[in-house]
Amino acid sequence: MSKNVVVVESPAKAKTIKKYLGKNFEVLASYGHVRDLMPKEGAVDPEHGFKMKYQAIEKNGRHVDAIAKALKSADSLLLATDPDREGEAISWHLLELLKEEGVLEDKAIQRVVFYEITSQAVNEAVAHPRDISLDLVNAQQARRALDYLVGFNLSPLLWKKIRRGLSAGRVQSPALRLICEREKEIDAFKVREYWTLEADAAASKQEFVAKLTHLDGKKLAQFDIESKDQALALVDRLTKAAAGELRVIKVERKQRRRNPAAPFITSTLQQEASRKLSFSTKRTMSVAQQLYEGVDIGDGAIGLITYMRTDSVNLANEAVGEIRNFITERFGQSGLPAKPRTFKTRAKNAQEAHEAVRPTSVYRVPEALKPHLKPEQFKLYQLIWRRTIACQMKHATIDTVAVDLNTQKLAPEGGNSASGDIFRATGSTVVDPGFMAVYQEGRDDIKGEEEQRKLPPMKEGDRVTLLQIRPEQHFTEPPPRYTEASLVRALEEFGIGRPSTYATIISTLQQRDYAVLENKRFQPTDVGRVVNRFLTEHFNSYVDYDFTARLEDELDAVSRGEKVWIPVLEEFWGPFSARIQEKEQNVSREEAVQARELGIDPQSSRPVSVRMGRYGPYIQIGSKEDEEKPRFAGLQPGQKMDAITLEEALTLFKLPRELGFTPGGEQVSVNVGRFGPYVKYDNKYVSLRGEDPHTISLERALALIEEKKQADANRVIKVFPDSGIQVLNGRYGPYVTDGERNARVPKEQAPEALSLEQAQALINEAPVKRARRKAGTRKKAKG
């Protein structure tokens with residue numbers, strides 16, 4: 001009997017697929033990527049046709065070995081990695097490693113692709129295999145090479161010119177630019193005051209609100225009423241003119257349709273999960289992966305949604321038929337449009353063979369699955385299920401009415417003139433909710449939908465009671481900072497990255513400390529702003545949105561077989577490498593760190609500046625050319641390079657502060673060091689967590705010192721003089737140390753009763769502490 005080895009990426013997926021294929025198939029997992037570029041200079045060689053030097057990923061070596069071992073007694077290899085560029089590349093890299101192992105002779109090698117993990121989809125894919133697509137593989141290789149060339153050439157330049165540990169990326173840097181440019185808009189924004197007038201009125205014993213839209217026959221602009229005095233004068237004038245009544249001069253009724261949103265693609269799923277569930281993009285993709293790979297719902301694991309990395313809004317005909325049947329059963333024929341809805345994909349290179357993200361069967365209703373799902377799985381599945389059902393439902397029908405009223409009590413009978421002072425009241429009624437009964441798409445950066453109030457019945461010529469006219473004060477607001485949802489939308493609109501990369505882009509910006517999320521909004525850090533300014537000034541074309549989008553389009557053309565990948569790399573590398581060399585020679589570190597002059601120190605008459613340093617932003621008094629050495633002070637938490645003033649900067653130099661003495665005569669002072677503020681006494685230090693070193697009192701400092709002394713006393717159990725050996729209380733219990741090696745004290749041993757000989761014996765058996773690896777070094781993988 002023939003035996004087939006099937007390779008997927010994750011063990012969860014392997015378990016689900018094994019159930020569908022039976023005993024004639026052995027399903028194994030590669031655990032993701034099996035090979036990558038060597039993590040050192042020269043892994044991509046532009047001088048020799050961009051030759052790429054790969055090495056096996058050590059942590060997954062045993063999984064590759066298991067696949068090789070299984071193949072020795074098998075007839076065929078089925079590569080069933082994910083149905084995208086990354087998945088194609090993983091299959092190709094695995095083949096290359098297996099060729100080196102010499103286990104592929106006389107084996108049939110097939111690539112199988114499915115977009116949902118159900119019995120029908122998996123068996124259909126196995127019945128219709130294909131070859132590996134080298135176009136997709138080469139597109140992924142080109143993308144990896146570009147990312148490597150940018151990272152391994154631009155990042156060291158940042159280290160040299162600004163500070164070590166910084167990084168720049170091909171798509172990460174334009175994303176950072178988006179956040180920084182929004183912050184610049186906010187910084188430059190000037191608040192303006194304006195006022196509106198609202199009338200509280202009543203008709204048929206029902207109150208409603210109307211807003212002043214025209215004054216003296218002219219439509220009001222936003223800033224026509226700019227002050228409280230002006231607003232109050234108008235309230236007085238209009239109240240007198242109305243004399244307690246407003247006259248209806250126009251009633252406009254309309255009926256409009258609202259159509260449902262398209263089914264989810266990766267970006268819209270991330271946006272909606274952020275808005276409605278407060279999920280990060282990373283969390284959304286992690287939970288979606290679980291739902292895709294399979295969840296045990298009582299009769300074994302089954303994939304609950306289709307593949308979640310997609311930019312296509314297409315739905316399979318079979319899926320549309322099932323959804324329409326479900327809608328008919330659940331909502332009746334009236335809930336169904338006459339024809340199935342189709343949606344147009346916005347992405348330029350959407351792979352139409354892919355589907356939108358949808359449930360593998362809409363008959364798996366969320367509430368029925370709830371007992372089998374984790375809370376976050378249930379929430380995301382329910383979101384996907386509702387959006388999918390709604391996209392094939394009937395439109396919503398909404399009646400709207402707009403009523404114009406004026407203050408001209410003595411207007412000619414039958415007059416419909418829109419001249420004079422006009423208030424407008426609007427209202428709406430949902431006549432038929434249609435798809436809105438199931439799902440409504442969220443929106444970014446709004447304060448909530450305007451209340452859709454139902455107005456009382458009114459007709460032209462009616463007079464309604466005016467209760468009062470109210471002035472309302474407003475201030476213009478700066479553009480909002482990006483949320484995760486709105487940033488994903490911006491990345492998509494600018495063509496920066498692709499669906500599979502959005503979550504990685506966002507998490508990288510946070511890991512690099514280039515941006516932080518505060519109140520669910522992205523703010524650039526000081527180092528993020530410095531890096532962005534350096535890149536936009538010296539490498540503008542490479543962080544340009546259009547350039548980044550064009551490069552993505554070229555990579556997409558490679559994946560379609562329309563372009564060859566090496567010329568794409570050549571076209572990029574020539575100008576880029578020349579720019580790197582030119583900037584390395586011509587940009588000084590002083591220029592790169594972007595020092596900002598704040599003014600003159602009144603005591604020394606030397607210039608005061610703020611700049612970026614090795615350990616973060618700091619203030620400098622003087623310059624290195626001065627005879628007297630410059631003085632330095634680090635910024636405090638919450639202080640920003642772009643916002644700090646001369647006065648605030650000079651305050652930082654009031655440290656160290658001498659506070660006095662301990663009862664034992666030890667001098668007490670406070671200062672700020674590399675790791676934050678601290679109290680110093682007798683050459684010992686106590687961290688000041690949550691305390692301000694500029695205001696802390698001697699009494700408070702002494703209390704902290706006493707707490708530290710108590711903690712230190714409780715930490716030391718026993719000391720062996722002249723030996724350098726101590727018995728200490730640690731985080732995980734008592735241990736023995738000589739400064740080089742640590743050894744736990746056995747549970748049955750009383751630590752205070754240890755002898756020097758016993759302590760020495762424990763230390764002799766303990767391993768020597770491993771030295772910390774230098775930044776940038778990695779464990780060497782098998783080649």
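**Rings, cores and a sheet**

Let me start with a cluster: ring pairs join Phe-534, Phe-539, Tyr-542, Phe-547, Phe-572, Trp-573 and Phe-576. Please keep in mind that this is a predicted model.

Tyr-542 and Phe-576 have ring centres 5.1 Å apart, with 75° between the planes, and the pair is edge-to-face. Where do the two residues of this pair sit in the chain? Tyr-542 is in the loop between α15 (526–538) and α16 (545–559), while Phe-576 belongs to helix α17 (residues 565–586). They are 34 residues apart, so this pair links distant parts of the chain.

Is Tyr-542 buried or exposed? The cut-off for buried is under 20% relative accessible area. Tyr-542 has 12% relative accessibility, so Tyr-542 counts as buried. Phe-576 has a relative accessible area of 1% and is buried too.

In total, the count is 18 aromatic pairs. Another one of them is Tyr-292 with Tyr-307: the centres are 5.2 Å apart and the planes are at 65°, which makes the pair edge-to-face. Tyr-292 is in helix α9 (residues 281–293), and Tyr-307 is in the loop between β14 (301–302) and α10 (317–331). The two are 15 residues apart, and this pair also links distant parts of the chain. Both Tyr-292 and Tyr-307 are buried.

Now the cores. In soluble globular proteins, nonpolar side chains tend to be buried together. Which residues of the largest nonpolar core touch the most other members? The core has 95 residues, and the answer is Leu-77, Leu-98, Leu-154, Phe-534, Phe-539, Phe-576 and Ile-619. The helix that gives the most to this core is α5 (residues 134–161), with 11 residues. Three names in that answer, Phe-534, Phe-539 and Phe-576, were also in the ring cluster.

Leu-98 is worth a look on screen. Leaving aside residues up to four places away in sequence, Leu-98 touches Val-64, Ile-67, Ala-68, Leu-71, Leu-77, Val-103 and Leu-104. There is also a second, separate core, with 65 residues, including Ile-297, Ile-302, Leu-304 and Ala-390.

Next, the sheet. It is open and has four strands, in the order β28-β29-β30-β31, with antiparallel pairing. Which strands are at the edges? They are β28 (716–720) and β31 (742–744), each of which pairs on one side only. On average, neighbouring strands of the sheet are turned by 25° against each other, direction ignored.

Between β28 and strand β29 (residues 725–730) there are four bridges, and these two strands run antiparallel. Helix α20 (residues 698–715) lies across β28, β29 and β30 (733–737), and runs at about 60° to β28.

Last, the chain as a whole. It has 21 helices and 31 strands. Along its principal axes, the C-alpha trace spans about 110 × 90 × 65 Å. There are 783 residues, and 49% of them are buried. Of the contacts with a separation of 6 or more, 69% are between residues 24 or more positions apart. The chain exposes about 40,800 Å², and carbon and sulfur atoms supply 48% of that.

That is the end of my part.

Notes
Residues are numbered from 1 along each chain as its sequence is written. This is a predicted model: local features need pLDDT of at least 70, side-chain atom pairs count only at pLDDT 80 or more; totals for chains, interfaces and linings use all residues. Side-chain values use heavy atoms; hydrogens and water are left out. A nonpolar core is a set of buried Ala, Val, Leu, Ile, Met, Phe, Trp, Tyr and Cys residues joined through side-chain atoms within 4.5 Å. Buried means under 20% relative accessible area, exposed over 50%, partly exposed in between (1.4 Å probe, protein chains only). Contact means heavy atoms within 4.5 Å. Two strands pair if DSSP finds at least two bridges between them. Axes are lines fitted to C-alpha atoms, for helices over the stretch in contact, and angles run from 0 to 180 degrees between N-to-C directions. Accessible areas come from the Shrake-Rupley method with a 1.4 Å probe; for residues, only the protein chains shown count as cover. Rings of Phe, Tyr and Trp (its six-membered ring) pair if their centres lie within 6.5 Å; planes under 30 degrees apart count as stacked, over 60 as edge-to-face and the rest as tilted.
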